[in-house]
Amino acid sequence: MIEDRTADGGTTARDGALARLALRFTAWAERWFPDAFVFVAIAVVVVALAALANGASVPAVTKSFGDGFWTLIPFTMQMAFVTIGGYVVATSAPVQRLIDWLAERPRSARGAIGMIALATMISSLLSWGLSLIFGGLLARACARRTELRMDYRAAGAAAYLGLGATWAMGLSSSAAQLQANPASLPPSLLPITGVIPFSETIFLWQSMLIAGVLIVISTVIAIASAPRGDGAVTAQDMGLDPAREGDGLPPPGQPGEWLEHAPLLTILIGLLAAGWLVQEFVRQDWMVAISNLNTYNFLFLMAGLVLHWRPKRFLIALGRAVPATAGILIQYPFYAAIAAMLTGAKNGAGVGVADQIAHAFVALNTAGSFPLTMGAYSAILGFFIPSGGGKWLLEAPYVMQAANELHVHLGWAVQIYNAAEALPNLINPFWMLPLLGILGLKARDIVGFSFLQLIVHLPVVLGLLWALSFTLPYHPPVLP
């Protein structure tokens, strides 16, 4: 009920000790944590100082920084288009109708929350950009059914599970996509990792098993932890209106605007796109085709154009999607520079910072303990650097070198990173922002529920990563 809300929109005592603890943590993070770019800037300075302390010269460090800065421009744009493609597909009229149909299916509030969690995690295996928007719109659609009395906070947390649980095990995994595309890899990283196809990362049966376990566990927790009856806080209780937003498409006012509102160009471009896609998937294995980031993004972008039908609607969706790419566009060049300094700024003995860290990983680990150590390290670092692809460029030079020396399956090392890197997303407000904007919520409203997910996910994920590593043999890097 409305009287059970706190003054700042947080949770109350009856939401449980874990939710209260998560609320305090998130309030602290929102007050003291700077923008993610600040962490990137700090990482640049720390790595530069580490390279100097390792014996590299000032000219060598500065040259590595500048030379590496623009090496990831193709990958940067590709990641930006993952966001854009997912957004334009999720906001199209046919997908909106699917969302409305799904929202009518549940017969109870907890059933609705379970459906939101399941739909969000499944869609995240296709695209994390699609998952965030799709999940938010589905939660809003369910909230319009006032007879369910669905807890809006729990629904918001369920809509976030794609980013918090499964996205990195799917097709839009930044690390897996990067490793499958040699043209996108920094030149300094390619000799260490080689090219790793999807068949050796996200399509390993071990990887799909982890994704399946996380989907089941996350859905069960989402259902079990959702408040019911008078304990539920609905969108209406919070003073929020989940009504559908209009697309705001005015009729053509001038003759020159006719083509913007007519589907003729959409049909012609769609036919051209379909012809090219058919050729791509016929001439090679589908797994190879979809692992090409350009093909992947082309598919989503053209699907968004066709689904919006009218060019004007498509352009409006693009305009709304582009602001969400700002963090990617500015942060990824700095990540590329960090990777270059880690590997390229060497001392007089030809040893770089990445070599030193890799040697430390090898000294402290065996092939058996490496999955646990790397998983825990990636999860902790992920809270401070909330970028799957960018953080991989920071970690990959030394963790993959260590994997080679310890003879750990290189594709599984990528999946160790993927599964562990997603864990801090459950409590990190950075990736919540697009979803929270759709729902009208604050991070503190949903993190109590997602923190509970983290408590369960952490031992399950690390345990599975360790146990399944023994089922995979080591192969040396494969160069293109």
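Reader: What share of the protein chain's residues count as buried?

Author: This is a predicted model. Of its 480 residues, 57% count as buried.

Reader: And the secondary structure: how many helices and strands?

Author: The protein chain has 24 helices and zero strands.

Reader: What does the radius of gyration say?

Author: The protein chain has 23 Å. A compact globule of 480 residues would be near 23 Å, so the two agree.

Reader: What box do the C-alpha atoms fill?

Author: Roughly 70 × 60 × 40 Å, along the principal axes.

Reader: What about sequence separation in the contacts? Take residues at least 6 apart.

Author: Of those contacts, 81% join residues at least 24 apart in sequence.

Reader: Helix packing now. At what angle do H6 and H8 cross?

Author: Roughly 20°. H6 covers residues 109–124 and H8 covers residues 152–159. Their axes come within 8 Å.

Reader: Parallel or antiparallel?

Author: Roughly parallel, because the angle is under 35 degrees.

Reader: Left-handed or right-handed?

Author: The crossing of H6 and H8 is right-handed.

Reader: Which residues make the contact?

Author: H6 gives Ile113, Ile116, Ala117 and Thr120. H8 gives Ala154, Ala155, Ala158 and Ala159. By class, seven are nonpolar, one is polar and none is charged.

Reader: Next pair. How do H22 and H24 cross?

Author: At roughly 170°, with the axes coming within 10 Å. That angle is over 145 degrees, so H22 is roughly antiparallel to H24. H22 spans residues 410–421, and H24 spans residues 443–469.

Reader: Which residues meet there?

Author: From H22, Trp412, Gln415, Ile416, Ala419 and Ala420. From H24, Val461, Leu464, Leu465, Leu468 and Ser469. They divide into eight nonpolar, two polar and no charged.

Reader: Where does Leu204 sit, and is it buried or exposed?

Author: Leu204 is in the loop between helix H11 (190–193) and helix H12 (205–225). Its relative accessibility is 8%, so it counts as buried.

Reader: Switching to Gly68. Which helix is it in?

Author: Gly68 is in H3, residues 58–69. Gly68 is buried, with a relative accessible area of 3%.

Reader: What does Gly68 touch?

Author: Ala336, Ala337 and Ala340, again not counting residues up to four places away in sequence.

Reader: And how far is Gly68 from Ala226?

Author: Their C-alpha atoms are separated by 47 Å. Along the chain they are 158 residues apart.

Reader: Where is Trp309, and how accessible?

Author: Trp309 lies in the loop between helix H16 (293–308) and helix H17 (311–321). At 38% relative accessibility, Trp309 counts as partly exposed.

Reader: What about His407's phi?

Author: Near 60°, positive, and His407 is not a glycine either. His407 is in the loop between helix H21 (388–406) and H22.

Methods. Residues are numbered from 1 along each chain as its sequence is written. This is a predicted model: local features need pLDDT of at least 70, side-chain atom pairs count only at pLDDT 80 or more; totals for chains, interfaces and linings use all residues. Side-chain values use heavy atoms; hydrogens and water are left out. Axes are lines fitted to C-alpha atoms, for helices over the stretch in contact, and angles run from 0 to 180 degrees between N-to-C directions. Helices (H or I, at least four residues) and strands (E, at least two) are DSSP runs, numbered from the N terminus. Angles under 35 degrees count as roughly parallel, over 145 as roughly antiparallel, 65 to 115 as roughly perpendicular and the rest as oblique. A crossing is left-handed if the near helix is turned anticlockwise from the far one by less than a right angle, and right-handed if clockwise. Contact means heavy atoms within 4.5 Å. Ala, Val, Leu, Ile, Met, Phe, Trp, Tyr, Cys and Pro count as nonpolar, Asp, Glu, Lys and Arg as charged, and the others, Gly among them, as polar. The radius of gyration is taken over C-alpha atoms; the globule rule is 2.2 Å times the number of residues to the power 0.38. Buried means under 20% relative accessible area, exposed over 50%, partly exposed in between (1.4 Å probe, protein chains only).
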